[in-house]
Amino acid sequence: MDFISDQTVAFIESVQKAATKEELHATVGCTLERLGVRYFTLYEFTGSTEEGVLGNYPPEWGGRYAEKRYEYLDPVALKLFRERRGFYWDAEQLASDGMLRGESRNVFHEGSDFGLREGYAYLFSDLLGHAALTSFCADQVERHPKMLPAMHLISLYMHGKFKELDASSVEPGETVLLTPRERECLRWAGLGKTNWEIARILDVKQSTVQTHIENSKRKLNVQSKMQAVIRSLKSGVIHL
């Protein structure tokens with residue numbers, strides 16, 4: 001086998017041994033680094049909420065993306081939903097597909113400033129019918145023909161392992177010690193309010209809301225605000 005195939009097979013074998021999300025994250029990151037991919041994300045559309053559940057995008061970009069709901073403007077995501085298949089993307093390709101227009105063009109250039117200039121993306125569904133997308137990118141990625149199917153396999157195994165770990169991470173009746181203010185912030189977030197809106201509702205600073213959200217994420221062992229909301233709902237910590 002060639003190098004790309006070897007690394008893909010090695011990933012499939014090693015990812016099965018990941019016992020925690022941290023180990024899964026490290027396994028994905030190491031494999032992608034060897035394949036010349038700097039950044040990756042797994043993003044789920046769960047019906048009522050959307051959440052970035054795994055990845056290593058620059059924190060400032062990831063926070064901006066989630067806060068401004070860029071998943072509805074991101075030209076890569078829009079192309080995925082239009083074509084329903086994996087593809088290689090860069091500015092030239094997206095422009096030729098008519099995807100770099102208006103706000104979508106601005107979102108793409110914002111991402112480029114963080115080093116997300118080209119990559120591979122995929123869209124697939126889980127057993128419940130919820131859509132999930134993956135994107136693997138860098139300033140410049142390898143354009144070998146085998147990269148597209150390799151990244152597809154890595155996407156599927158990464159997502160499958162994540163769902164397995166996620167399902168086993170919350171036990172029924174599990175007690176999570178969140179403060180009343182942390183629970184309140186998560187509840188409003190679950191109702192679709194931004195941090196700015198929550199701050200206005202609670203008559204506190206937006207930075208205070210962000211602190212409560214970050215503390216909640218740490219206590220719940222999750223990586224995104226919406227994942228914290230879902231985890232809290234599952235464990236009965238909050239109710240909408």
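Reader: Where does Asn221 lie, and what is its phi like?
Author: Asn221 is in the loop between α10 and α11. Its phi is positive, about 60°, although Asn221 is not a glycine. Keep in mind that this is a predicted model: local features need pLDDT of at least 70, side-chain atom pairs count only at pLDDT 80 or more, and totals for chains, interfaces and linings use all residues. Residues are numbered from 1 along each chain as its sequence is written, and side-chain values use heavy atoms, leaving out hydrogens and water.

Reader: What makes Asn221 partly exposed?
Author: Buried is under 20% relative accessible area, exposed is over 50%, and partly exposed is in between (1.4 Å probe, protein chains only). Asn221 has 48%, so it's partly exposed.

Reader: How do α8 and α11 cross?
Author: Their axes come within 9 Å and cross at roughly 105°. That makes α8 roughly perpendicular to α11. An axis here is a line fitted to C-alpha atoms, for helices over the stretch in contact, and angles run from 0 to 180 degrees between N-to-C directions. Under 35 degrees is roughly parallel, over 145 roughly antiparallel, 65 to 115 roughly perpendicular, and the rest oblique.

Reader: Which residues meet there, and how do they divide by class?
Author: Leu186, Ala189 and Gly190 of α8 meet Lys225, Met226, Ala228, Val229 and Ser232 of α11. By class, that contact has 5 nonpolar, 2 polar and 1 charged residues. (Ala, Val, Leu, Ile, Met, Phe, Trp, Tyr, Cys and Pro are nonpolar; Asp, Glu, Lys and Arg are charged; the others, Gly among them, are polar.)

Reader: How do you know where the buried residues of α8 sit around its axis?
Author: In α8 (residues 180-190), the buried ones are Glu182, Cys185, Leu186, Ala189 and Gly190. They cover an arc of only 140° around the axis, so they're on the same side of α8. (The arc is that of the directions from the helix axis to the C-beta atoms.) Their cover includes α9, α10 and α11 (225-235). Just after α8, Gly192 has a positive phi of about 95°.

Reader: Why are α9 and α10 described as they are?
Author: Helix α9 (residues 195-202) and helix α10 (residues 206-220) pack at about 110°, with axes 8 Å apart. The two helices are therefore roughly perpendicular to each other. On the α9 side, Asn195, Trp196, Ile198 and Ala199 make the contact, and on the α10 side Gln206, Val209, Gln210 and Ile213 do. These residues divide into 5 nonpolar, 3 polar and no charged.

Reader: What makes His212 buried or exposed, and what is it in contact with?
Author: His212 is in helix α10. With a relative accessibility of 16%, His212 counts as buried. Leaving aside neighbours within four places in sequence, His212 is in contact with Arg181, Glu182 and Cys185. Contact means heavy atoms within 4.5 Å.

Reader: What about Thr41: buried or exposed?
Author: Thr41, in strand β1 (residues 39-45), has 13% relative accessibility, so it counts as buried. Not counting residues up to four places away in sequence, Thr41 touches Leu54, Gly55, Tyr57, Leu133, Thr134 and Ser135.

Reader: How far apart are Phe114 and Pro58 in sequence and in space?
Author: They are 56 residues apart in sequence and 7.1 Å apart in space, C-alpha to C-alpha. Phe114 lies in the loop between α6 (102-113) and β4 (118-125). Apart from residues up to four places away in sequence, Phe114 touches Tyr39, Pro58, Glu60, Trp61 and Arg64. Across the protein chain, among contacts between residues at least 6 apart in sequence, 64% join residues at least 24 apart.

Terms used: Helices (H or I, at least four residues) and strands (E, at least two) are DSSP runs, numbered from the N terminus.
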